[in-house]
Amino acid sequence: MQAPSGNESVARPPSARVSELGLVLPTPPTPLGNYVESSDTGNLLFLSGILPIADGQLAISGRLGDNLSVKKGQEAARIASLKVLAAAKQHLGSLDRLKKLVKLTVLMATTGPFFEHAPVADGASNLFVQIFGPKAGHVRLVYGVQSLPIGAPLIVDVIFEIEPARESTPKQQTVT
């Protein structure tokens, strides 16, 4: 039996979990500048910071501790996390190449006295735990900042462990 080190991979394919949970992935994000949304190397997939955008605009805006509640922050984190999955699927061709979430970072636009960062980030963590299972685990960093692009309340940034791409085997030619 493996110790709860957070190094166990998902037991069910992510696409199956997404379907079982009745989740619908949004359209993948598009860059707001001169960069790409996703990049992989070896067995890691890095995604650019993803905003809670739906239908081409911010789904939720505001500043935590000012005009945005923890509950709305959790909702924004979940929306951005679904967008993360859409970006991963677009990059990899299938969610089933995702083995596990390795690291989650959530940056939040907050007021100085705001201290409920962890519950807001749980909006993202809870979704990933539903998909990858509680034994897969992930490390997490959360923090507040003064401002974020286009007035977003938060950004979700992730690193996934991925299965290597399957290469097609060349057909052998018969020599006559």
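Me: Let's get oriented. How many helices and strands are there in the protein chain?

Reply: There are three helices and seven strands. Along the sequence they come in the pattern α-β-β-β-β-α-β-α-β-β. Keep in mind that this is a predicted model.

Me: Okay, salt bridges next. How many does the count come to?

Reply: The general idea is that side chains of opposite charge can pair when their charged atoms come close. Here the count comes to five salt bridges. Arg12, Arg17 and Glu20 are linked in a network of them.

Me: Which residue does glutamate 75 meet in a salt bridge?

Reply: Its partner is lysine 72, at 3.4 Å from N to O. Both sit in helix H2, residues 70-92, and they are three residues apart, about one turn of the helix. As a general point, an α-helix has 3.6 residues a turn, so residues three or four places apart point the same way.

Me: Which salt bridge links distant parts of the chain?

Reply: Look at glutamate 161 and lysine 99, whose side chains meet at 3.3 Å, N to O. Glutamate 161 is in strand S7 (residues 154-162) and lysine 99 is in strand S5 (residues 98-109), 62 residues apart. With a relative accessible area of 17%, glutamate 161 falls under the 20% cut-off, so it is buried. Lysine 99, at 21% relative accessibility, counts as partly exposed.

Me: And what about aspartate 122?

Reply: Aspartate 122 pairs with arginine 140 in a salt bridge of 2.8 Å, N to O. Aspartate 122 belongs to helix H3 (residues 117-132) and arginine 140 to strand S6 (residues 139-145), so the pair ties together parts that are 18 residues apart in sequence. Both partners are partly exposed: aspartate 122 has 29% relative accessibility, and arginine 140 has a relative accessible area of 31%.

Me: Back to H2. How far apart are its end C-alpha atoms?

Reply: They are 33 Å apart. At 1.5 Å a residue, the 23 residues of H2 should span 33 Å, so the two values agree. After H2 comes glycine 93, with a positive phi near 90°.

Me: Now the inside. Which residues have the most contacts within the largest nonpolar core?

Reply: The general idea: in soluble globular proteins, nonpolar side chains tend to be buried together. In this model, the largest nonpolar core has 39 residues, and those with the most contacts inside it are Leu85, Leu98, Phe128, Leu154, Val158 and Phe160. Strand S2 (44-50), H2, S5, H3 and S7 each supply at least two residues of this core. H2 gives the most, with 11 residues.

Apart from this core lies another, of seven residues, including Leu51 and Leu148.

Me: What is valine 158 in contact with, leaving aside neighbours within four places in sequence?

Reply: Its contacts include Leu45, Phe46, Leu47, Val84, Leu101 and Phe128.

Me: How do I read the protein chain as a whole?

Reply: Buried residues make up 40% of the 176 residues. Among contacts between residues at least 6 apart in sequence, 82% join residues at least 24 apart. The accessible surface comes to about 10,000 Å², and 52% of it belongs to carbon and sulfur atoms.

Terms used: Residues numbered from 1 in each chain as written. Predicted model: local features only at pLDDT ≥ 70, side-chain atom pairs only at ≥ 80, totals over all residues. Heavy atoms only, no water. Salt bridge = Lys/Arg side-chain N within 4 Å of Asp/Glu carboxyl O. Helix = DSSP H or I, 4+ residues; strand = E, 2+ residues; numbered from the N terminus. Buried < 20%, exposed > 50% of the residue type's maximum accessible area, 1.4 Å probe, protein only. Expected span 1.5 Å × (residues − 1). Contact = heavy atoms within 4.5 Å. Areas by Shrake-Rupley, 256 points an atom, 1.4 Å probe, with all protein chains shown as cover. Core = buried A, V, L, I, M, F, W, Y, C linked by side-chain atoms within 4.5 Å.
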